[in-house]
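This report concerns one protein model and is intended to be read beside the sequence and the coordinates.

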Amino acid sequence: MDTIISLSGKDFGICAIDTMAFKSFLITKTNINKFIEIGKNKFLAVSGYPGDVIQFTDFLQKTIQLYTLKTGLTLSTRSVANCIRKELSECLRKNPLNINLILIGFDKIYGSSLYFIDYLGSLQRMNFCVQGHSSLILSSFLDQYFRQKMNLQEAVQIIKKCSEILKKRYLIPQTRLLIRIVDEEGCRCLGLV
Amino acid sequence: MDYNGGSIIIMGGKNCFAIASDLRFGLDNFTKGHATPKIFKIHEKLFIGMIGLFGDISTIRQMLEYKTSIYSLKKSEKIQPFGFSSMLSNLLYHHRFGPFLVETVLAGLDEKDNLFIESKDILGAKSPSSDFATIGSCSESLYGICQVFWKPEMNLEELFKTISSCLVLGLNRNCISGWGGIVHMVSKDGVVSKIIQTRMD
């Protein structure tokens, strides 16, 4: 049900997520921030059952913070992605969680990177990724219009176009999408689209 | 097993082998990525290909990396294909009730450059072969195709042409695999890798 659209641009990563909380067919709140920060230069966008999401991401956030405090080292995006994947693949056979994550981070050495992690523990590094039912609607659009190393304006334009397509074609009217970017200065929210 | 998709062919030649896989990563019928080879290098003369649930593939790959590193640190030599195959079978059977949903093929050259090709099922049962091996969503049709085109004692160039044509033919009729292919040609002189164009659908 959640819509997550994420792109990797030139020295930044950008992600848009809807801001709706719902319970069965009722909308309970329309202005929540579903992004989860991990360290200063990474954030997660998660979709799935709210209970599983909060349980798992709290655990992840605090584990990685503990690692940073203990060792004084900051983990790269790739390490965090593999750590998340390992936890999820162990959960698969013990207490299955139905959550799909997109991790976006910026490292000074590698630049921006985007990782898609499935509830079955599949990890893929990608240039762009759409999560949820809207992936069926938007993936082909992004295949056509995505360019490598876009600048910020182009990326926001693409997300605006995605939002218009969703308003036209997606059955469930989504609230406005909240955009967040990560670059070498850190994470910040850009606004609603 | 067909959730993430993929197909792999291994063909043996004269003291050399070629291993090829497709590049699709999908979630059932939805193609998510097209840059995911399913072949992993253990060392210059030993390659493993895995098809199945991608999370389990990554888990097994990390376990194997750990075990082969410990082996080469202890013994100061690279692991041989036969020993590696036994280790992998042990690892897979360890999870007899709750298995990793992964089928594997191994291809390697031992220290005398003799060919070693073997395929395993999800519990680690070994099936060695002397000519070729295929696993994946179109493995049945690939067996037929390879049977027609494979010849004994091919050199690397002929191997490359044969394995690429077989892979392309097999992927053309299958929607769960495809989106490009990668071929590694391995002999005692080293490894050459090439990406081949296929139908992108």
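The model is predicted, so local features need pLDDT of at least 70 and side-chain atom pairs count only at pLDDT 80 or more, whereas totals for chains, interfaces and linings use all residues. Residues are numbered from 1 along each chain as its sequence is written, chains are lettered from A and ligands numbered from 1 in the order in which they are written, and side-chain values rest on heavy atoms, without hydrogens and water.

**The sheet of chain A**

In chain A, five strands make up an open sheet with antiparallel pairing, ordered E5-E6-E7-E8-E9. Strands E5 (35-38) and E9 (123-126) of chain A lie at the edges with a single partner strand each, so one side of each has no neighbour in the sheet. On average, neighbouring strands of this sheet are turned by 25 degrees against each other, direction ignored. E5(A) and strand E6 (residues 42-48) of chain A run antiparallel and are joined by four bridges; Ile38(A) has Lys42(A) in E6(A) as its bridge partner. Helix H1 (residues 50-71) of chain A packs on the sheet, where it touches E5, E6 and strand E7 (99-107) of chain A, and its direction makes about 160 degrees with that of E6(A). Strands here are DSSP runs (E, at least two residues), as are helices (H or I, at least four), numbered from the N terminus; two strands pair if DSSP finds at least two bridges between them. Angles run from 0 to 180 degrees between N-to-C directions, with axes fitted to C-alpha atoms, for helices over the stretch in contact.

Thr77(A) belongs to helix H2 (residues 77-94) of chain A. Beyond its neighbours within four places in sequence, Thr77(A) is in contact (heavy atoms within 4.5 Å) with residues including Lys42(A), Phe106(A) and Tyr115(A).

Helix H3 (residues 134-145) of chain A has buried residues, among them Leu138(A), Phe141(A) and Leu142(A). The buried residues of H3(A) pack against strand E1 (4-9), strand E10 (128-131) and helix H4 (152-169) of chain A, together with strand E4 (30-33) of chain B.

**Cysteines and accessibility**

Over all chains, the structure holds zero disulfides (cysteine sulfur pairs within 2.5 Å). The sulfur of Cys91(A) is 11 Å from its closest cysteine sulfur, in Cys83(A), too far for a bond. For Cys189(A), the closest cysteine sulfur is 8.8 Å away, in Cys187(A), also too far for a bond.

Buried means under 20% relative accessible area, exposed over 50%, and partly exposed in between (1.4 Å probe, protein chains only).

| Residue | Relative accessibility | Class |
|---|---|---|
| Thr77(A) | 0% | buried |
| Cys91(A) | 12% | buried |
| Cys189(A) | 37% | partly exposed |
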